[in-house]
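Here is a quick tour for anyone meeting this protein and its ligand together. Have a look at the structure, then read on.

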Amino acid sequence: MAKQMKAAVYDAFGSADKLEIREIEVPELKEGEVLVKIKAAAVNPVDSAVREGYLKDFLPVEFPAIPGWDVAGVVEERGFSSRRFQKGDDVYAYARRPLVKYGTYAEYIVLPESYLASKPTSLSFEEAAGIPLVGLTAYQSLFDAGNLQKGQTVLILGASGGVGTMAIQLAKEQGATVVGVASEQNHQYMKELGADHTIKYKDTHIGDAVKEIFPDGVDLIFDCASGETLQQSLVALKPNGKLVSILNQGQDLDKGIDFTYVFVEPNSSQLDRLRELADAGKLKVLVSQTYTLQEAAEAMKQIETKHTTGKIVIIP
Ligand SMILES: NC(=O)c1ccc[n+]([C@@H]2O[C@H](COP(=O)([O-])OP(=O)(O)OC[C@H]3O[C@@H](n4cnc5c(N)ncnc54)[C@H](OP(=O)(O)O)[C@@H]3O)[C@@H](O)[C@H]2O)c1
């Protein structure tokens with residue numbers, strides 16, 4: 001009989017209340033794949049966007065579907081030809097597949113082994129699960145798209161959440177000067193992560209506030225917030241500066257801006273680099289709250305507030 005697992009599933013697009021905890025079959029292990037016992041699964045805003053059906057035109061969903069793309073766990077079985085990892089190895093991964101069906105809010109996941117990297121040894125499973133999606137997003141945005149260099153200045157919009165906290169630390173490690181935008185209650189936290197300057201978005205014109213610190217503007221704006229926050233910031237971009245957004249696809253932006261939209265891709269070599277930084281003490285993860293699998297709907301409602309600090313994690 002096929003192996004069974006508990007998972008959070010939904011059978012139709014809709015709100016977090018559509019989630020149910022059910023026993024389902026663990027998918028069959030195919031060539032090049034590994035079975036991972038999930039120790040922790042981080043929660044991301046995109047999990048809710050997928051569940052609501054907002055991304056269905058380019059990310060097909062097959063019901064019943066399990067949410068979740070972030071995982072830290074232990075290799076339990078290997079398919080034919082899988083050699084990079086041994087049974088018992090601790091791993092982490094960004095588990096987005098071309099078809100949304102088997103996610104990480106579950107006891108097990110089957111993944112191509114090319115998706116996996118060794119887990120940072122200095123971090124707990126909960127902390128490690130909080131890195132892949134947001135860490136890769138920050139890495140690909142700052143370096144692949146933004147080409148951030150030592151000595152440059154970066155303005156991070158939405159800098160106290162999952163992606164922003166990774167971006168502060170990665171930008172500092174690169175030798176950049178960092179300005180973080182978030183609500184005032186998170187300013188101390190952003191400074192502890194390395195932000196050189198912090199700006200609140202409420203009752204402040206963000207672009208003017210940045211120009212008071214850097215009259216010539218910043219080299220890079222990394223937008224993890226969009227809306228009015230992004231529009232206000234644009235006056236603080238240097239004429240030859242770059243704008244990278246993970247939300248805005250450029251529809252309402254001046255065509256003269258050097259702009260890139262990033263949609264994060266799985267990349268296990270970059271996860272190796274993030275592990276090195278974590279194990280060197282240069283990449284920290286604040287797990288602000290944990291949830292059981294039974295509480296998966298509550299976890300999704302929390303991420304939907306858009307005001308989560310650090311990461312929240314489900315422990316199945
Ligand atoms: N394209 C991609 O590949 C990709 C990848 C990852 C994430 N995303 C998207 O990027 C966004 C951020 O993701 P996340 O995981 O970092 O979310 P998150 O953990 O929920 O963090 C949200 C952040 O936004 C801040 N914020 C809320 N309202 C703001 C405003 N009006 N102005 C400036 N900052 C504001 C929050 O700060 P306070 O709590 O202090 O208000 C917090 O720092 C989400 O919409 C997500 O779907 C896209």
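Keep in mind that this is a predicted model. Let's start at Val163, where a polar backbone atom lies 2.9 Å from an oxygen atom of the ligand.

| Residue | Part of the residue | Distance to a ligand oxygen atom |
|---|---|---|
| Val163 | polar backbone atom | 2.9 Å |

On its own, the ligand has 930 Å² of accessible area, and the protein covers 87% of that.

So where does the ligand sit? You'll find it in the largest pocket. Two elements give two or more residues to the shell around it: helix 3 (132-145) and helix 4 (162-174). In total, 25 residues surround the ligand, and Ser160, Ser183, Tyr201, Thr229 and His307 are the closest. Sorted by class, that shell has 14 nonpolar, 10 polar and 1 charged residues. Domain 1 (4-130 + 286-315) and domain 2 (133-261) both contribute to the shell, so the ligand lies between them.

Two backbone details are worth a look as well. Phe63 and Pro64 are joined by a cis peptide bond, with omega at about -10°; Pro64 is in the loop between helix 1 (45-52) and strand 4 (70-78). Ser81, in the loop between strand 4 and strand 5 (90-94), has a positive phi near 80° although it isn't a glycine.

Notes. Residues are numbered from 1 along each chain as its sequence is written. This is a predicted model: local features need pLDDT of at least 70, side-chain atom pairs count only at pLDDT 80 or more; totals for chains, interfaces and linings use all residues. Side-chain values use heavy atoms; hydrogens and water are left out. A residue is near a molecule or strand if one of its heavy atoms lies within 4 Å of it. A polar contact is a pair of N or O atoms within 3.5 Å; within protein, one must be able to donate a hydrogen and the other to accept it, and residues adjacent in sequence count only if both atoms are side-chain atoms. Accessible areas come from the Shrake-Rupley method with a 1.4 Å probe; for residues, only the protein chains shown count as cover. On a 1 Å grid over the protein atoms alone, a cavity is a set of points where a 1.4 Å probe fits but cannot get out, and a pocket is an open set with protein on both sides within 12 Å along at least five of seven lines; lining residues have an atom within 4 Å of a point. A molecule sits in a cavity or pocket if more than half of its atoms lie within 2 Å of its grid points. Helices (H or I, at least four residues) and strands (E, at least two) are DSSP runs, numbered from the N terminus. Ala, Val, Leu, Ile, Met, Phe, Trp, Tyr, Cys and Pro count as nonpolar, Asp, Glu, Lys and Arg as charged, and the others, Gly among them, as polar. Domain bounds come from an automatic or database domain assignment.
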